[in-house]
Amino acid sequence: MEKQAAIRVDHLTKMYKLYDRISDRLRDSLGLTKKKCYREHYALTDINFSVDRGETIGIIGTNGAGKSTILKIITGVLSPTSGSVTVDGRISALLELGAGFNMEYTGIENVYLNGTMMGFTDAEIDARLQGILDFADIGDFVYQPVKTYSSGMFVRLAFAVAINIDPEILIVDEALSVGDAFFQAKCYRKFEEFKKEGKTILFVSHDLSSISKYCDRVILLDHGRLAGNGSPKDMVDLYKRLLVHQGPDSSAEPLPKAGEGSADPAALAGGGNGNDAASGIREGSAWFGTTQMNPGALEYGDRRAEILAFSVLDQRGLPTTTIEKGSSFTIKVKVRFHEDIDEPIFAFTIKDMRGTEITGTNTMFEKTEILPRKKGETDTVSYTQKADLQGGEYLISFGLTGYQGGEFVVYHRLYDACSLTIVSVKNTVGFYDMNSEITVERENDQEG
């Protein structure tokens, strides 16, 4: 059965006129000049996508990418310069802290004000009022003017109104970042309830873990253009490339795909002639190149330093990607420096199959002293830790980065380079096991 679109965006463009002087704006608005006295700034350019009913869609991108602009057009706050947006369903939106609230009104008065603007009668708001107050949980402050609220109380009330008027489409723009941990957990539980009820959610956030965990699909914007539309894992990885100017439109030379060229561990490990064209290294260590690289790994960086090979070793030092929960294991990475590097940082992360980063570390976090490296030098980095992750399948990523002239630089990254299987006979709640020791003391309070 073909899915029904709740939101359809077709060739959407939003252009702003930027004037250098107020008088130029006035002359242009009155049609007193034929000369263009403004500069054109395109916040959005020819954006196309659709959101199926019941989907939870994330929108990510750097500051100025156009995320908030597109939400304001979808909700009718802004008008597009060209293109169209079609919405099928009742929208409840939380775009900006305090949007739609009168600062002089009390919390209760603002609940009725917002409900009226959404098209509800007083009787319908009456029926929902207790649920709104319970969710906001700000006590007697609901009877005080909202101008006296803290930012946390403000967003609690605003979000409570947005989600308790039975919307078919919920749109949220970064509003949860000011709530405390308990309130955020409550909101995310509500997200999960909405997903089970088949409601549509459009969610803008810089919290990539939440994007990965809650979204079915992610839309990536870059400088007002659609840079990608796909799975959370793929879009988060692409977003991280954009952050270091290594996106698909980067002027840098294209990098070899994982498993090809000089970063292929299998090629580096196999050389019987000792003259491997990729690295010039004859490696005799048993671990070298023993872990198979994921053919779908994402690889990028300027390659002034390079990851040559990696491996996962169990507590006996044997290469394997299947580790028993609770045991010690080591991740080894071999890197080569093609230029002098002052402050290299070695890193690894472990993600679940959905792309959520579970854990990881780097030499900067661990305060490991790394001296400047010279061109041609090679390092082997070992990370040893206890496998307290829950049983399941994971992906390991590697990073070789640093700072040059105060600027962050990516020399080489391998995302989802290899798999990791944790075998467990006992799983607990969440991502990792705290190995709690439990004691139960039975007390007999009966007399006699």
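**Exercise 1. Find out why helix 2 (residues 67-74) counts as largely enclosed by the rest of the structure.**

Step 1: Six of the eight residues of helix 2 are buried, so this helix is largely enclosed by the rest of the structure. Buried means under 20% relative accessible area, exposed means over 50%, and partly exposed lies in between (1.4 Å probe, protein chains only). Helices (H or I, at least four residues) and strands (E, at least two) are DSSP runs, numbered from the N terminus.

Step 2: Name the buried residues: Lys-67, Thr-69, Ile-70, Leu-71, Ile-73 and Ile-74.

A word on the model: it is predicted, so local features need pLDDT of at least 70 and side-chain atom pairs count only at pLDDT 80 or more, while totals for chains, interfaces and linings use all residues. Residues are numbered from 1 along each chain as its sequence is written, and side-chain values use heavy atoms, leaving out hydrogens and water.

**Exercise 2. Describe the largest nonpolar core and locate a second one.**

Step 1: A nonpolar core is a set of buried Ala, Val, Leu, Ile, Met, Phe, Trp, Tyr and Cys residues joined through side-chain atoms within 4.5 Å. The largest has 47 residues, and Leu-157, Phe-159, Leu-170, Phe-191 and Phe-203 touch the most other members.

Step 2: The biggest contribution to this core, 10 residues, comes from helix 5 (residues 151-163).

Step 3: Turn to the second, separate core, which has 32 residues, including Phe-346, Leu-389, Ile-396 and Leu-420.

Step 4: Go back to Leu-170 and list some of its contacts (heavy atoms within 4.5 Å). Not counting residues up to four places away in sequence, Leu-170 touches Ser-92, Phe-191 and Phe-194, among others.

**Exercise 3. Work out where Lys-386 sits and which residues it touches.**

Step 1: Lys-386 is found in strand 16, and its relative accessible area of 52% makes this residue exposed.

Step 2: Leaving aside residues up to four places away in sequence, Lys-386 touches Gly-326, Ser-327, Ser-328 and Phe-329.

Step 3: Compare sequence and space: Lys-386 and Ser-327 are 59 residues apart in sequence, yet 5.6 Å apart in space, C-alpha to C-alpha.
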